[in-house]
Amino acid sequence: MAVTGAADRKRPDGAPLRRGGSARRPGGPAQFHAARGAVRCRSVPFGAVRYRSVPFRPASPPPPPGPATARPALRVRWGVSASVGKACTLGGAESSSRCRPSGRRQRRRFPPRRRPDPRRGQPVVRRRPAVTVSAALAAAALVFTAGCSSDGGGAGGAAGSASPTSEGSSTPSASPSPAPAKGSAKVTGTVATGLDTPWGLAPLSGGDLLVSSRDSGKILRVDAGSGKKTEAGTVPGVAAEGEGGLLGIAVPDDGEKMIYAYLTTASDNRIVRMLYSPDRPAGKQLGAVDTVLRGIPRGTIHNGGRIAFGPDGDLYAGTGDSGREGLSQDRDSLGGKILRMTEDGEPAKGNPDPGSVVYSWGHRNVQGLAWDAQGRLWASEFGQHTWDELNLIEKGGNYGWPEAEGRDGSGGEFTAPVEQWRTDQASPSGIAVAKGSVWMAGLRGERLWRIPLDGARPAADPQAFLEGEYGRLRTVVATDDGDLWVVTSETDGRGSPDGDDDRILRLEVS
Ligand SMILES: [Ca+2]
């Protein structure tokens, strides 16, 4: 594989190295993780293919008593049933426009928020018997029989993107100067080529990158200097189908001992973590899987999948409606949401419902999450037929799906997007914040969008780069020096890969 631009792959000497999930954290680890406890994980045998639980213990000293904490905590990780969504005849919907029956949209009324009802699903109890992979695969077979087709054969298989939004309750620091109306983006090197369905990207200290493969379930480490790829291991239980598989990955700032991953299993989407031991032989560097959160609805489309640690140290996840758009307004479902949880999968302190990991709702399919320098959370979202969205995420916000798409129908009742695009021009997956702008990877749009920010508002119209040059773009992550890595997605079944696809590019931006 050709590896070029070595100088660009190296981080500046002495610069603080940031690590983390598919979306970057502004300000570096010290700022955002000082309050976090170390990830707790017992030593477990490597290679064991079973799901294992770690007893929950508070990650920090108990908060002072108050109205919120006096309330008994509810277990909110529901084992959402793996019932299958409506039949989808138009192909997948990482593209933005595929899985809704034609015809006029019916305006629906949603019932008020319900308390968890045990009849609707089984709460996930943290201490539970180990679930064998074979059992999971068997369960998967049941689900697959009824999923939507996601062959991407429909016109314009657009990919979705989601990005985490910042903690709405955080107090932003003084706003910097607005980003210039016009910027630039120049590809300065190709870090890796020949990747199979790359999805999540997590930089490590020293400049190496971890990248997940959606379809194979593998996590690879890409050497920053040589571009050499080393297989860390295969995440057990991945049931890749359509847009589902091994999706986002994130590495907390605790010494890079643990990799978090969002994956589609036979029965759900879930977030897991595994010990990472790069000194072990290639392919055997991942420890046993510990399930952090399960019960996120799965489908062949709209699986969401982006995870990232926020400036508050909590873990955020963007999910999708799995093709069942009614889930997005159902706050008992984890589908069509942005979730916020502790590193152990418990509801984060200050969530809208203290017993729930749900942070915002009314989303269709969120695959991009990123925080700006003031800690605001931004998220990208696939639209259906008309409008993809970039949203500024506020805690407890309702972003409208399926009642509203883009700014249409958002008036007053829902939070309207900050920007919107026609689905053939974006279909956004990952986002990052760098040099004062949000950068958004377009799948169907096959371009990188720059949205210059002036605080919480756009400073100018979005600007497109790389249009048609590298094909579908899946993931964008900020480097420590404010430039970007961009991951292409030509091997995802909807592209036209050439011999070098898929690639990780290094860009200089302004
Ligand atoms: Ca919306």
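Predicted model: local features only at pLDDT ≥ 70, side-chain atom pairs only at ≥ 80, totals over all residues.

Tutor: Residues are numbered from 1 along each chain as its sequence is written.

Student: How many helices and strands does the protein have?

Tutor: Helices (H or I, at least four residues) and strands (E, at least two) are DSSP runs, numbered from the N terminus. On that basis the protein has 3 helices and 28 strands.

Student: What share of the residues counts as buried?

Tutor: A residue is buried if 20 or more other C-beta atoms lie within 10 Å of its own, exposed if 12 or fewer, and partly exposed in between, with C-beta atoms placed from the backbone. Of the 510 residues, 57% count as buried. As for contacts, two residues are in contact if their C-beta atoms, placed from the backbone, lie within 7 Å. Among contacts with a separation of 6 or more, 69% link residues 24 or more positions apart.

Student: What is the order of strands in the sheet that contains β6?

Tutor: Strands of a sheet pair through backbone hydrogen bonds, either parallel or antiparallel. Here two strands are taken to pair if DSSP finds at least two bridges between them. The order is β5-β6-β7-β8, an open sheet of 4 strands with antiparallel pairing. Because β5 (198-203) and β8 (229-234) each have a single partner strand, they stand at the edges, and one side of each is left without a neighbour in the sheet. On average, neighbouring strands of this sheet are turned by 25° against each other, direction ignored; axes are lines fitted to C-alpha atoms, for helices over the stretch in contact, and angles run from 0 to 180 degrees between N-to-C directions. Strand β5 pairs with β6 (residues 209-213) over 4 bridges in the antiparallel sense, and Ala202 has Leu210 of β6 as its bridge partner.

Student: Are the two faces of β18 covered or open?

Tutor: In a regular strand the side chains alternate between the two faces of the sheet. In β18 both faces are covered: Leu377, Ala379 and Glu381 on one side and Trp378 and Ser380 on the other are all buried. Thus 5 of the 5 residues of β18 (residues 377-381) are buried.

Student: Which residues are the bridge partners of Glu381?

Tutor: Val366 pairs with Glu381 of β18, and Glu381 has Glu389 in β19 as a bridge partner. Strand β17 (residues 366-371) is joined to β18 by 5 bridges in the antiparallel sense, and 5 bridges also join β18 to β19 (residues 387-393), again antiparallel. The hairpin of β17 and β18 has 5 residues between the strands, where Gly375 takes a positive phi near 85°. A hairpin through 5 residues joins β18 to β19.

Student: Why does Thr342 count as buried?

Tutor: Thr342, in the loop between β15 (337-341) and β16 (358-361), is buried because 20 other C-beta atoms lie within 10 Å. Thr342 and Val357 are 15 residues apart in sequence and 8.9 Å apart in space, C-alpha to C-alpha.
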